[in-house]
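Please load the model in your viewer and keep the selection panel at hand. The stops below are meant to be followed in order.

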Amino acid sequence: MSEGEVIQSAPYQDLLADCEEFKNLVTAHKDTTAALDLSNNIPTQRSKEVSIKETDGIHGSRYTESVKLSPADQLIKKEERETGDAGVKSYMLYLRQNKGLLYFSFCVIFHIIFVAGQISQNSWMAANVQNPHISTLKLISVYIIIGVCTMFFMLSRSLVVVVLGIRTSRSLFSQLLNSLFHAPMSFFDSTPAGRVL
């Protein structure tokens, strides 16, 4: 394959003999696996050396020569790791997906109304429990009405959080799968399967 199209189809040995692109791919793969095998056996000061050639000298003495591969010749690059705080960027990316900021603002508003309802419910009961001008029926009925209203806003907040999570997750995963399925073959050649998964 070259640039996403099949350019030649033949048995392995014929492709190795005739096709230069296939030969380069096999050589790069062998160099990469040789580098991985040697990095497990070579001490840490020589961990960047990829292959070792032993040859006979002119007078019959043997000497060892280390050959280093350039980073461009390796098929699979070593993965870089970042440390530290993820920051606000990833959360903002999540909230910008599929009207996420709208749902998040509804969630905050409903939560503020819920907290205000709880405060007013407790204040009503504390202020009027010993008031002789308010009957017990009126005291309890107003307390229950405020409680039902706050329960409605708490339920609304929970539903908005669920809708926010489902919609933004669907949007992110559909973008991920779309870019993964439309990636060129070189991406899958140079990326380990564990990282793709």
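This is a predicted model: local features need pLDDT of at least 70, side-chain atom pairs count only at pLDDT 80 or more; totals for chains, interfaces and linings use all residues.

Residues are numbered from 1 along each chain as its sequence is written, and side-chain values use heavy atoms, with hydrogens and water left out.

**Whole chain**

Begin with a cartoon of the protein chain, which has seven helices and two strands; helices (H or I, at least four residues) and strands (E, at least two) are DSSP runs, numbered from the N terminus. Read from the N terminus on, the order of elements is α-α-β-β-α-α-α-α-α. Switch to a surface, and the accessible area is about 15500 Å², with 61% of it belonging to carbon and sulfur atoms; such areas come from the Shrake-Rupley method with a 1.4 Å probe, and for residues only the protein chains shown count as cover. Of the 197 residues, 16% are buried, where buried means under 20% relative accessible area, exposed means over 50%, and partly exposed lies in between (1.4 Å probe, protein chains only). Taking contacts (heavy atoms within 4.5 Å) between residues at least 6 apart in sequence, 44% join residues at least 24 apart.

**Helix 5**

Next, select residues 136-181, which are helix 5. With 46 residues at 1.5 Å a residue, helix 5 should span 68 Å, and this agrees with the 67 Å between its end C-alpha atoms; the expected span is 1.5 Å times one less than the number of residues. Which residues of helix 5 are buried? They are Leu139, Ile146, Gly147, Thr150, Ser156, Arg157, Val160, Leu164, Thr168 and Ser171, and what covers them includes helix 3 (89-95) and helix 4 (100-128).

**A nonpolar patch**

Now select Ile140, Ile144, Val148, Met151 and Met154, which form a nonpolar patch on the surface with about 440 Å² of accessible area together. Patches are made of residues with over 30% relative accessible area and no salt bridge, like charges being joined within 9 Å and nonpolar side chains (Val, Leu, Ile, Met, Phe, Trp, Tyr) within 5 Å; a salt bridge is a side-chain nitrogen of Lys or Arg within 4 Å of a carboxyl oxygen of Asp or Glu. Ile144 is partly exposed, at a relative accessible area of 49%.

**Tyr143**

Move to Tyr143, also placed in helix 5 and partly exposed at 28% relative accessible area. Leaving out residues up to four places away in sequence, Tyr143 touches Gln121, Asn122, Trp124 and Met125. The C-alpha atoms of Tyr143 and Met125 are 6.9 Å apart, although 18 residues separate the two along the chain.

**Aromatic rings**

Finally, show the rings of Phe, Tyr and Trp (its six-membered ring), which pair if their centres lie within 6.5 Å, with planes under 30 degrees apart counted as stacked, over 60 as edge-to-face and the rest as tilted. By this rule there are four aromatic pairs. One of them joins Tyr12 and Phe22 edge-to-face, at 5.6 Å centre to centre and 85° between the planes; this pair links Tyr12 in helix 1 (residues 12-18) with Phe22 in helix 2 (residues 20-41), ten residues apart. Tyr12 is partly exposed at 41%, and Phe22 is partly exposed at 21%. The pair of Phe152 and Phe153 is edge-to-face because the ring centres are 5.4 Å apart and the planes stand at 70°. Phe152 is exposed at 52%, whereas Phe153 is partly exposed at 22%. End by selecting Phe106, Phe110, Phe152 and Phe153, which ring pairs link into a cluster.
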